[in-house]
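Please examine the sequence and the structure shown below before reading further.

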Amino acid sequence: MSGAPRRLIDEVVETVCKCKDMQDDGVQFQVIKALLALVTSNVCLVREASLLAAIRACYHVYLVNSGQKNIRTTARAMLTQVVEMVFQRMEARALEQAAERQLRLEEVEDDDADGAEAGAMPSLGGSGAGGAESVNGDNMNGGGGFASAEHRDAFLVFRALCKLSSRGLSIDNIDINGYAGSASASGEFFNDVVSLASKELALELLLATLKNAGPTFKTDGRFVYAVRHYLCASLLRNCTSSVTSVVGMSLKLFLSVLHDFKDNCKAEIELFVTNIFVRVLTSENSNYEHKILVLEVFSHICADMGRILEMFLDYDCRMNERDLFKEVTNALAKVCKASNPTDPEADRAQQTELRQLSLEGLNAILGSLRSAVQAGAASGGAPDDADAEDVDAVNGEVESLDSPAERPGSPRSTVSSTSLTSLNGSGANGSGESLMDMFKKKQKTNEALQTAALKFNMKPTAGIKFLQDQGIVGPEPDDVAAFLLTQASANSRLSKTAIGDYLGREPDYNEGFNMRVLHAYVERIDFTGLDVDNAIRKFLAGFRLPGEAQKIDRMMEKFAEQYFVQNDHGDLPSADTAFVLAFSIIMLQTDLHNPSIKEERRMTKEDFIRNNRGISNGQDLPDVVLGGIYDRIKVTPFTLKEDDDARAKEAGRSLLAPEMLNPFGESAAGRRRREAMSREREEMLRKSEAIFKAKGDGSSTTYLRHQDVRPEHHVVPMFHVVWGPSLGCFSQLLSTTSEPGLVRLVLRGFRLAIRIAGGFELEVARHTLMNALAKFTTLDTVTQMQEKHIDCIRTLIDVAIHDGNHMHESWELVLRCLSQVARLQLFASGAHTDDAFFSADASALIHEQNGDGDNALKKIERFFSSGISGGQPAGDKAGKAPGRRKTRGAEKRGSIV
């Protein structure tokens, strides 16, 4: 503690740590041994600053001895042992305190019982409260606000490791894995290699800490705070790193956080999944290794029914949360359907692996839903009774990452009464609204927003009126302004051009309602402390500025007024000055970045300063202020995110054009792609950190666990989310690939989806899936039949055999398939083809007018029987050979039934 005198053990540790800079290997080895003996001693404990100094010294020895493997290995082992010991001591001390509290409570109860027998009533605020207070007071002894000194040591070590892992790399935008061994590496690069080694070691120690974490670490408020604010902040940076090893360890840490701290990190989990993982998967600039790592995480999550159910309940069923389960499903399907899942330089094997992992993720979701159905059937709560063979196969094929196992009796296995109450129909927020009602309401709201977006983009006033009629937007201008501002900052379908036209309408239009919306819109934006050009950039981020000068004038006038109110102490003396300067900045933006203006005719910095002479109540603004505005506008123009994305997409198409590769390095396309990914990484990090800080310490809503509900009751809404994207993915892959592994996964997905749809009598989904599968048998088309088409036939028949009781009208597709197969078997056995039955002889036989009808019928029968029996000997020979070939082919492919 800061005010405590230094102990002898502290002096000893400091003396040993000073020897860490000596270059002699023997000395550094002895430093490690001495520090390990000091820190692990139970006689004279090393605490706080001395403990951190010992860890830093071992870190230093590990980093500077890059060529001495023995010393590095010893230093790493020492650090692992010390960190593990610190947290073990804390858990042991927590158990001792719990035993002491229990003993004291028993003594208090005995005293109360003795007093009651003697006729004395104990005071509610006396001995009982005093006993509890003494226990709590004893918990804080020696800890400076912590439960014990051991708790404080563990907190300091954990925070130090998080900070070490958060240090950035100055060359994070290059492939450090391929360049680290270069003999010409500069000093700056060498420093980054050392920083990378430090980061990787810190992440390894953090991962080991979370894997071995005890109940105190998982439940103590200070450690939960440290996980949310220190560890999650570190993971934000490291999950967007360009170094594959760092990303891999960070994703494993994320899985540990998801397993043990999801109750307290609900907002952080949403942030990671939506802002980082989904964007990495869907970005055209992400590299192959990072996509593989994210797909492995998603497959690991999706293979656990409890996790995906919790994701659905806690995000997709909440009105103010993102649709996490839906976004994960769509991201997996997008990777499957991508014509170029990774960069063009990747080989076919990499593309196939990406598709295979994304397919495994989708099949894992369907398999988890199927497992929930079977669990319900076992307990009498589900309508389906098919076997679990395929689900076990799917779950067995999904490669799982290392993650702590579920521990019975852990704090996370308890069920809160609030959670059960909300699920039983009394509402999560006391409104009497169940989660399923909230999910349906959210779906209707999203559908209404889609309709409103179409109306708004065609006629903004009609779109706003539709939203007001639906009750999504209130009747006041402030309500409309809040909605437009929210949509401006989200991935909305509202056209930014339409929003600008709506806000820029004339003062008398719509009885002045639009003008009042504009004023409310501007007043809701915080410009405090921003330079005027950055304030304009923030103002214009939500809409496209109209092209008419009068509309621009009205909008910038209101902006200038609000900016001056919030920054009246700045360089601008009045709102009029702010308005003139703002309008001048808009003109500068047009002049500098309009492609139709020739370079020699563009405005210079001197021109811009001269044009703004005397606008400050007859005085000039400082040249440094105007010059800074000019430089910032020239380097970074005012743009909308949609325009940036469109340009990036167009640039991505140009990267696919064939070009000469640089024989001495990467291609120009690869370099541009890497630079584009670096910009995306910076944007992801900046946006994520802003959201992370904005959420602050706000408490999350109650986190519902899968133990709180019956999973089979939620299979249908989850299946409605997943079957559409899955069908699109399956259909495209069957149309474009013949890779046996991919075809096998697609057909397994078809089987699982059809069984779920049939079991719950979802007619539209079942018939659509069956129709798609029947189409890929190609029995109704004239096309060359391949192995995958035969596998589709086998899958269709297998589904009919095992789930025929739930096929209903879909039996028509099965029977048609069987009829076509029987027809082909007849042809293979030597029977006449269809055109033989409609030959001239057959026609004459059918239309013969002489003789009675019975004789004609007998002749027709003889014609058909002779056509079949006449070729019988040849048919025997011809019928056996195809059978043998088919058997050999089936043995070679392996049965998928």
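Residues are numbered from 1 along each chain as its sequence is written, and side-chain values use heavy atoms, with hydrogens and water left out.

The pLDDT is the predictor's confidence in each residue, from 0 to 100. Its average over the chain is 75, and 71% of the residues score at least 70. Helices and strands are DSSP runs numbered from the N terminus (helices: H or I, at least four residues; strands: E, at least two). Among the elements of the chain, the highest mean pLDDT, 93, belongs to helix 23 (residues 513–523), and the lowest, 35, to helix 5 (residues 127–139). Over residues 116–143 the pLDDT stays under 50, and the model has 26 contacts beyond four places in sequence for them; a contact means heavy atoms within 4.5 Å. Residues 382–432 also have a pLDDT below 50, and this stretch has 108 contacts in the model beyond near neighbours in sequence. Where pLDDT is low, the predicted coordinates should not be read in detail.

The secondary structure of the chain consists of 39 helices and zero strands. Of the contacts between residues at least 6 apart in sequence, 72% join residues at least 24 apart. Of the 897 residues in the chain, 45% are buried, where buried means under 20% relative accessible area, exposed over 50%, and partly exposed in between (1.4 Å probe, protein chains only).

How many disulfides does the chain have? The count is zero, a disulfide being a pair of cysteine sulfur atoms within 2.5 Å. For C58, the nearest cysteine sulfur is that of C17, 7.7 Å away. C58 counts as buried because its relative accessibility is 1%. For C162, the nearest cysteine sulfur is that of C232, at 9.0 Å. C162 likewise has 1% relative accessibility and therefore counts as buried.

The axes of helix 26 (residues 575–593) and helix 28 (residues 623–635) come within 10 Å and cross at roughly 40°. Helix 26 is therefore oblique to helix 28, since angles under 35 degrees count as roughly parallel, over 145 as roughly antiparallel, 65 to 115 as roughly perpendicular and the rest as oblique. Residues making this contact include L581, I585 and L588 of helix 26 and L626, I629 and Y630 of helix 28.

Conventions:
Predicted model: local features only at pLDDT ≥ 70, side-chain atom pairs only at ≥ 80, totals over all residues. Axes fitted to C-alpha atoms, helices over the stretch in contact; angles between N-to-C directions.
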